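Here are a few notes to read alongside the picture. Have the sequence open too, and check each point as you go.

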Amino acid sequence: MIIGHQKILDFLKRSLENNKIAHAYLFVGSEHLGKKTVALKFAKALQCEEIQNHPDVLEVVPEIIEKKGIKKEQEISIAKIREIQHQLSLFPFRGPYKIVIIDGADKMTHQAASALLKTLEEPTPNTVLILISSSLGRLLSTIISRCLVIKFFAVSQSVIKKGLSVLAPKSVSLEKISRLSNGRPGL
């Protein structure tokens with residue numbers, strides 16, 4: 001369920017209806033706003049079907065390694081981007097598009113970002129890339145310039161409260177939870 005971001009959802013819906021799909025989107029905003037949830041819903045709409053384990057929807061996230069009980073998030077490597085580039089060179093298996101969602105795009109190594117730039121400059125037909133980032137400042141300006149930037153903002157407390165009313169049991173204080181979320185539905 002998506003809480004808030006109605007203007008963004010309407011914009012993406014109109015893009016689909018008018019067949020004006022960009023080859024690359026950059027969803028940017030604070031953590032836990034719902035950027036990935038919106039990206040997955042958009043991918044589902046593009047493919048016109050369920051995307052759980054869809055062979056034409058690829059997700060990239062920074063790897064998390066654990067040593068001695070300490071978890072550390074790794075950067076997205078150039079090897080991962082090259083793997084994505086190979087997958088994008090193939091025809092879509094089942095859907096009309098090959099879609100890549102890169103969650104944590106600001107966590108790419110410099111080499112990975114440079115490799116991705118080649119894909120953004122020369123996209124293959126029927127390819128859609130959705131980059132998700134919490135910071136524009138940590139991305140190469142050349143990557144930003146080749147994407148349609150969609151900025152996510154905090155969601156109002158009343159919208160979060162209304163969205164949670166559908167999900168939460170009656171005994172939960174929606175007022176308190178919506179206030180503590182600080183405009184971030186993911187929290």
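1. Let's start with leucine 167: its relative accessibility is 56%, so it counts as exposed (buried means under 20% relative accessible area, exposed over 50%, partly exposed in between, with a 1.4 Å probe and protein chains only). You'll find leucine 167 in helix α6, residues 157–167; helices here are DSSP runs of H or I with at least four residues, strands are E runs of at least two, and both are numbered from the N terminus.

2. A quick word on where this comes from: the model is predicted, so local features need pLDDT of at least 70 and side-chain atom pairs count only at pLDDT 80 or more, while totals for chains, interfaces and linings use all residues. Residues are numbered from 1 along each chain as its sequence is written, and side-chain values use heavy atoms, with hydrogens and water left out.

3. Now look at glutamine 47 in helix α2, residues 35–47. Is glutamine 47 buried or exposed? It is buried, with a relative accessible area of 2%. Leaving aside residues up to four places away in sequence, glutamine 47 touches His54, Asp56, Val57, Gly95, Pro96, Tyr97 and Ile99 (contact means heavy atoms within 4.5 Å).

4. On to charges: side chains of opposite charge can pair when their charged atoms come close. The count is 10 salt bridges, each being a side-chain nitrogen of Lys or Arg within 4 Å of a carboxyl oxygen of Asp or Glu. One of them joins glutamate 122 to lysine 118 at 3.2 Å, N to O. Glutamate 122 is exposed at 52%, whereas lysine 118 is partly exposed at 46%.

5. Which residue does glutamate 121 meet in a salt bridge? Its partner is arginine 146, at 3.3 Å, N to O. Glutamate 121 lies in helix α4 (110–121) and arginine 146 in the loop between α5 (141–145) and β7 (148–151), so the pair ties together parts that are 25 residues apart in sequence. Both are partly exposed: glutamate 121 has a relative accessible area of 41%, and arginine 146 has 28%.

6. Shared partners also link salt bridges into one network of Glu73, Asp106, Lys107 and Arg138. Within it, the side chains of lysine 107 and aspartate 106 meet at 3.6 Å, N to O. Aspartate 106 is buried, with a relative accessible area of 7%.
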